[in-house]
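Please look at the sequence and the structure while I talk.

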Amino acid sequence: MKDNMAASRGKLKKIEFLVLVLFPIVCVLFALSVGRFSVPVTEIFHSILNKFSFDFELSGQTELVLWTMRFPRILMALLVGAGLSVAGCIFQSLFSNPLASPDTLGVASGSSFGAALALLLGANLILVQASALIFGLCAMALTWISGSGRNSNKVSIVLAGIVIGSLFSALVSLVKFSADTESELPSITYWLMGSLSSAGYNTIALGCPLIILGILILFLLRWRLNSLPLSDDEASSLGINVKGLRIVCILCASAITAASVSMCGPVGWIGLLIPHICRMRFGSSHVSLLPASVLAGSGFMVLVDTAARSISPSEIPVSILTAILGAPFFIILMKKSGGWNL
Amino acid sequence: MIIKVENGCFTYKHGRRQVLDNINFEASAGDVVAILGPNGAGKTTLLRCTMGFLKWSSGRSLLESKDFRNLPGKELWKTLSYVPQAKQVSSAYTVREMVLLGRSVEIGVFSLPSKEDVRKADAVIEKLGLSRIADSKCSEISGGELQMVLIARALVSEPKVLILDEPESNLDFKNQLLVLDTITELAASGVCCIFNTHYPSHALRRANKTLMLSPGGSHLFGNTRDIITEENIEKVFGVHAVIGDIESEEKIFQDVVAVGIKADSDQTQTKGSSGSAVATVSIIVSDTSIVTDVNSILHRYSKYIIGRMGMPYKKAGFNMINIFLDAPVTEIRALTDKLNLLPEISVKTTYGKELNQHR
């Protein structure tokens with residue numbers, strides 16, 4: 001009966017929850033230990049305990065690698081992974097469209113343009129991120145304005161998103177075209193491929209409030225989000241303020257996307273891949289889907305980023321890896337569970 | 001009167017044609033109202049306007065004498081529930097999750113459903129016989145099951161009015177009966193049910209009130225027996241139809257059968273007004289005291305009666321009477337209807353081929 005109760009509320013089973021919570025923790029420990037400078041797990045624990053006024057013998061170099069080089073990057077991977085997964089999950093439900101992802105609204109393209117523009121003007125990192133944020137939200141607003149109105153439906157919003165997205169992609173190309181080929185173009189191009197190598201506590205401090213706030217609001221709304229895929233008539237007949245809910249969801253998901261893109265460039269696939277895997281495994285109720293996406297997405301991103309920095313001597317852009325790893329994994333899962341259902 | 005529409009008119013923005021023209025109807029607790037009309041007559045538009053999903057161009061909907069527009073959403077949707085057509089479902093929620101969504105109106109924006117909510121959802125699932133599929137995904141169950149799930153979702157908020165959009169179309173015989181029986185049961189328990197249909201026979205058998213909607217936007221509203229007539233069906237649906245009885249062992253059902261498409265040239269001529277026919281009216285009376293009433297009615301039609309046979313079956317207290325008529329079709333119908341109004345009587349009329357051309 002108790003399990004029954006949990007099932008109908010759409011909650012995760014205890015064992016599933018435990019596995020999901022352990023997954024990112026294990027990933028973080030793994031990511032801390034692996035790299036060109038390998039750190040044994042025992043030393044990681046010692047180093048963590050040292051923070052709580054224990055006193056273990058550790059070399060300064062280990063401390064430096066763990067806490068100045070690796071940890072901020074891992075932290076950012078956790079945030080970005082969780083954020084993009086949640087955003088993707090929301091966009092999919094919002095548009096009842098399994099192909100929706102953070103790029104659907106053109107937010108990712110808008111943010112990319114903002115960042116590229118700032119890089120072109122030689123702005124510092126803080127300004128790059130602010131600009132990405134502003135243009136991301138601009139793109140979202142443009143999509144909203146052109147896609148809504150009389151005779152609008154879920155499809156027209158996605159179409160508008162695609163149009164606005166390609167508009168901003170063209171603008172990005174324009175920026176690249178006018179960039180100085182010696183100095184600016186490589187940095188813009190590299191940033192556009194997506195990388196977490198710029199991670200530092202400052203960058204995170206700027207990006208994390210929006211991501212955390214967005215996830216928090218959506219998490220609080222988690223049961224109500226179940227009405228998103230319903231038609232407008234259906235949802236309003238359940239006494240739900242459909243328009244308000246949609247606006248809140250779009251704002252949250254777009255802000256999360258813009259903040260992620262501003263920190264590490266457009267990282268594709270995560271927002272499509274993780275929510276689908278979670279849907280296949282844990283069902284469609286957002287009560288379980290949202291926490292599952294956060295936990296799985298953050299862990300997955302940490303793993304992918306670890307691979308990106310340790311596979312070859314020179315770092316591989318993370319977008320390339322997510323696509324190479326993600327596509328086959330996704331196809332196998334889709335064949336197995338046989339569906340695109342939300 | 002629990003729900004009422006006053007002078008409802010509707011025209012789509014930038015549309016030239018008026019879709020709904022001065023609609024008036026009302027329903028009380030326990031009523032089953034059928035909204036009947038051919039495809040494209042605006043049945044769904046009427047429902048959507050009634051519930052406020054579309055705004056009336058003029059006119060208004062009232063719930064318990066209060067204008068819909070002045071009701072806060074929460075109050076409105078606690079009293080009124082909507083069952084959409086089970087056409088496509090893009091969400092893979094389990095049946096339990098889907099039914100539980102019906103409690104949304106009671107559940108705060110940031111809250112999860114309480115144990116009480118879950119219990120109520122489970123009770124409705126049980127009541128509608130959906131327990132077997134409670135943990136299946138909505139995208140993997142049959143159309144009939146999905147329709148029942150959507151009805152269950154509408155019922156968990158314990159509404160006084162249930163509005164169903166073509167609940168029985170796209171379903172097979174058994175599932176149609178299941179849905180219609182559910183509506184009948186709900187009405188018997190005091191819920192006012194309003195449903196859209198393009199099957200006159202469903203309206204005829206299940207609804208006590210019918211609103212018949214013409215493609216032109218005009219409408220007829222009243223007691224089902226007054227509204228669903230062969231003439232009206234011909235006018236609204238553009239088919240020749242026959243309303244007749246179908247007998248099973250225990251019961252006589254009224255049914256409507258479409259017998260042919262009305263040709264355009266037929267439009268000026270209304271069927272039955274001038275035509276005459278021969279007919280047999282078979283009467284079985286199970287209470288002998290009624291026989292005098294029958295005879296007095298028959299006396300008024302004596303000029304049309306060309307023969308009669310009667311036989312009392314005293315042992316069982318029955319009287320069996322056969323009347324043979326040659327009369328205008330309207331008169332034969334009128335006689336049949338008058339006889340039908342008597343208690344403890346079964347009446348059936350069989351028509352011969354019409355003779356009107358040659359007389």
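I will go through the interface, then a pocket and a cavity, and finally the salt bridges.

This is a predicted model, in which local features need pLDDT of at least 70 and side-chain atom pairs count only at pLDDT 80 or more, while totals for chains, interfaces and linings use all residues. Residues are numbered from 1 along each chain as its sequence is written, chains are lettered from A and ligands numbered from 1 in the order in which they are written, and side-chain values use heavy atoms, with hydrogens and water left out.

Let me begin with the interface. Contact, meaning heavy atoms within 4.5 Å, involves 31 residues from chain B and 32 residues from chain A. The two chains bury about 3,000 Å² between them, 60% of it on carbon and sulfur atoms; buried area is the accessible area (1.4 Å probe) that two parts lose on being put together, summed over both.

Across this interface there are two salt bridges, a salt bridge being a side-chain nitrogen of Lys or Arg within 4 Å of a carboxyl oxygen of Asp or Glu. A:Asp233 forms a salt bridge with B:Arg48, and their closest N and O atoms are 2.7 Å apart.

On the side of chain B that touches chain A, helix 3 (95-100), helix 4 (115-127) and helix 5 (143-155) of chain B each supply at least two residues, and helix 3 gives the most, with four residues. Helices (H or I, at least four residues) and strands (E, at least two) are DSSP runs, numbered from the N terminus.

Now to the spaces, found on a 1 Å grid over the protein atoms alone: a cavity is a set of points where a 1.4 Å probe fits but cannot get out, a pocket is an open set with protein on both sides within 12 Å along at least five of seven lines, and lining residues have an atom within 4 Å of a point. Grid points are joined across faces, edges and corners, and a volume is the space filled by probe spheres set on the points.

The second largest pocket has a volume of about 1,100 Å³, and of the 31 residues that line this pocket, those closest to its centre are B:Ile243, B:Gly244, B:Gln254, B:Thr336 and B:Asp337. Strand 16 of chain B provides the largest share of that lining, nine residues.

The structure also holds three cavities of 30 Å³ or more, and the largest cavity has a volume of about 60 Å³. Its lining includes A:Ser237 and A:Leu238 together with B:Trp77 and B:Arg153.

Lastly, the whole structure has 23 salt bridges over all chains. B:Lys43 pairs with B:Glu166 in a salt bridge whose closest N and O atoms are 3.7 Å apart. B:Lys43 lies in helix 1 (residues 43-51) of chain B and B:Glu166 in the loop between strand 7 (161-164) and helix 6 (173-188) of chain B, so the pair ties together parts that are 123 residues apart in sequence.
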